[in-house]
Amino acid sequence: MKQPFYITTPIYYPSAKLHIGHAYCTTLADTIARFKRLAGYDVFFLTGSDEHGQKIQRIAESQGVTPLEYVDGIVAMFKELWKRLEISNDDFLRTSEERHHLTCQEFFRRIRDKGDIYKGEYVGLYCTPCESYWTEHQLDENGNCPDCHRPVEKVSEEAYFFKMSKYADRVLEYIKSNPEFIQPTSRRNEMIAFIEQGLEDLCISRTTFNWGIPVPDDPKHVIYVWFDALINYITALGFLNHDEKFEKFWPADIHLVGKEIVRFHSIIWPCILLAMDLPLPKQIYGHGWLVIEGDKMSKSKGNVVDPMLLIDEFGADAIRYFLLREINLGQDGNFSRDALISRINSDLANDLGNLLHRTLNMINKFQKGIVEEFSGVNRDVDQSLESDKLETIRKYRAEMESMKLSDAMKTIWSFVSRSNKYIDETAPWKLAKNPDQKSELAATLYNLVESLRVISIMISPAMPLTSRKIWKQLGLDSTKNFDEVQLDDIENLRIEFGHRIEKPEQLFPRIEVEKS
Ligand SMILES: [Zn+2]
């Protein structure tokens, strides 16, 4: 039986269009999901939308539509974006769906029945945009919301509370005894420090609006958005119906989240799961933020980058490659148009595109499109290429397994450069002039198509469209259906003598930059 692997993105908030930061997070998750599938895992990859809350209700009212009508339009754009970005999610969960309402209410009911949810009075400082209550000492230096730095207001309401305090010690113990649980380590240390200050019980219902999941048996309350949202990871597995998906995929292997919501995932979520007697996820991975041209992205600065426009202009794979290559997972990264264009021109058009184009052109020109047989060729340069190839595959696997996606891209591209250099070292155009060197020529071209075959498999999690194109141009569809290629095929499959390649087509056109 295949080993299960469950990975999630956060469910995104449909208050506006998605920006490049969302595309970054979802591309990371997609690349990991695709790699795991390639490596033979049975993968479940979930993304979705977090649709409830006062803010959505207010925006909808201001536009004269119902909250559901409002989010329907935005969620359709989310789905369109993920399709255009080649995101391979297995499910898309909307928190407004009935399956989620029922699951959430079941959680609430069970936790209340065991005495871990009680009714009380909440007086607190509330930030409406963040839908978060804050205590006095959490506010920033101006007395504003510590997350968004907008003013908070004092609010008092009857509310249900979840006894988080009861579970603080167990969560702390879990974090301490599972070093991999919160990654990167800097986030882990922050969370330990946070819990060690002591956890207060969490207010988990609201009465000031009604766009949310009604509290069972007390429908004037709706369930607090974070309590509602986190449960999505379990709803999607069919928990209520005792679906085999739940048995197979829970606990999740990775909840990939932005660093600003690590706290909710590594503290509130474990407390909810402990109260439900359910196992905790194996890892919460907090990725960094994208800054735009060196500046934090925000609507007020007008520097929000629309990923849909970027895909229109450069294609999904170029965007995916840039995001994976340019940013070390866990750290903040910079997005700039110049840097994107420079990566496309140098890494994609020049290095990868040329390697493919030169190789296929030479096979067409010198060998009529056939990968010809050879024997008795064993030059130093061939051995060096072969050992570099094996070392590349070993490093690539290790880096992908440990989610060092940027390093994995560097590893692939250094092999792309190595293979280009091999062309210069062997000078096939000279070999072609000398009939005595027919075998050397055949060996050179064989080694090059083999390099490209290996490269096309290695880039497939990151660049699904490009890898498929290379596979096709190499004529490999007749050898193995691209969709059935597995990670072990990197080593197990070889191109056979007499193999016919297809017509070369340009992978990435060079982008001309206007000189200013
Ligand atoms: Zn705020």
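## Hairpin and neighbouring strands

Pro-214 has Val-222 of strand S11 as the residue opposite. The model described here is predicted. Strand S10, residues 214-215, pairs with S11 in the antiparallel sense, and 2 bridges hold this pairing. S10 and S11 make a hairpin with 2 residues between them. In the turn, Asp-217 has a positive phi of about 70°.

S11 covers residues 218-223 and is also joined by 2 bridges to strand S9, residues 205-206, again running antiparallel. Arg-206 stands opposite Val-222 in S11.

## Four-stranded sheet

An open sheet contains 4 strands in the order S5-S4-S6-S8, with antiparallel pairing. Strands S5 (132-134) and S8 (202-203) are at the edges and each has a single partner strand, so one side of each has no neighbour in the sheet. Strands of a sheet pair through backbone hydrogen bonds, in a parallel or antiparallel sense.

Strand S6, residues 153-162, pairs with S8 in the antiparallel sense over 2 bridges. Phe-162 has Leu-202 in S8 as its bridge partner.

## Aromatic pairs

The count of aromatic pairs comes to 25. Phe-108 and Tyr-160 form an edge-to-face pair, with 5.5 Å centre to centre and 85° between the planes. Phe-108 belongs to helix H4 (residues 98-113) and Tyr-160 to strand S6, so that the pair links distant parts of the chain, 52 residues apart. Both Phe-108 and Tyr-160 are buried.

Trp-226 and Phe-264 are stacked, because their ring centres are 3.9 Å apart and their planes stand at 5°. Since Trp-226 lies in helix H7 (residues 225-230) and Phe-264 in helix H10 (residues 262-275), the pair ties together parts that are 38 residues apart in sequence. Trp-226 is buried, as is Phe-264. Ring pairs also link a cluster made up of Tyr-6, Phe-44, Tyr-233, Phe-249, Trp-250 and Trp-269.

## Charges over rings

Which ring lies under the charged end of Lys-36? The ring is that of Tyr-41, with the charged end 4.4 Å from its centre. Lys-259 lies over the face of Trp-289, at 4.6 Å from the ring centre.

In soluble globular proteins, nonpolar side chains tend to be buried together. The largest nonpolar core has 107 residues, and the members that touch the most others are Ile-20, Trp-82, Phe-335, Ile-412, Trp-413 and Ile-455. Helix H17, residues 438-458, gives the most to this core, with 12 residues.

A second core is separate and has 59 residues, among them Ala-168, Val-171, Ile-234 and Ala-275.

## Second largest pocket

The second largest pocket holds about 560 Å³ of space. Its lining consists of 22 residues, and those nearest its centre are Tyr-133, Gln-138, Phe-194, Leu-202 and Arg-263. The elements giving two or more residues to this lining are S5, S8 and H10. H10 supplies the largest share of the lining, 4 residues.

Leu-202, one of the residues nearest the centre of the pocket, is the bridge partner of Phe-162.

How values were computed. Residues numbered from 1 in each chain as written. Predicted model: local features only at pLDDT ≥ 70, side-chain atom pairs only at ≥ 80, totals over all residues. Heavy atoms only, no water. Pairing = 2+ DSSP bridges. Phe/Tyr/Trp six-rings, centres within 6.5 Å; stacked < 30°, edge-to-face > 60°. Buried < 20%, exposed > 50% of the residue type's maximum accessible area, 1.4 Å probe, protein only. Lys NZ or Arg CZ within 6 Å of the ring centre and 35° of its normal. Core = buried A, V, L, I, M, F, W, Y, C linked by side-chain atoms within 4.5 Å. 1 Å grid on protein atoms, 1.4 Å probe; cavity = no way out; pocket = protein on both sides within 12 Å on 5 of 7 lines; lining within 4 Å. Points joined across faces, edges and corners; volume = space filled by probe spheres on them.
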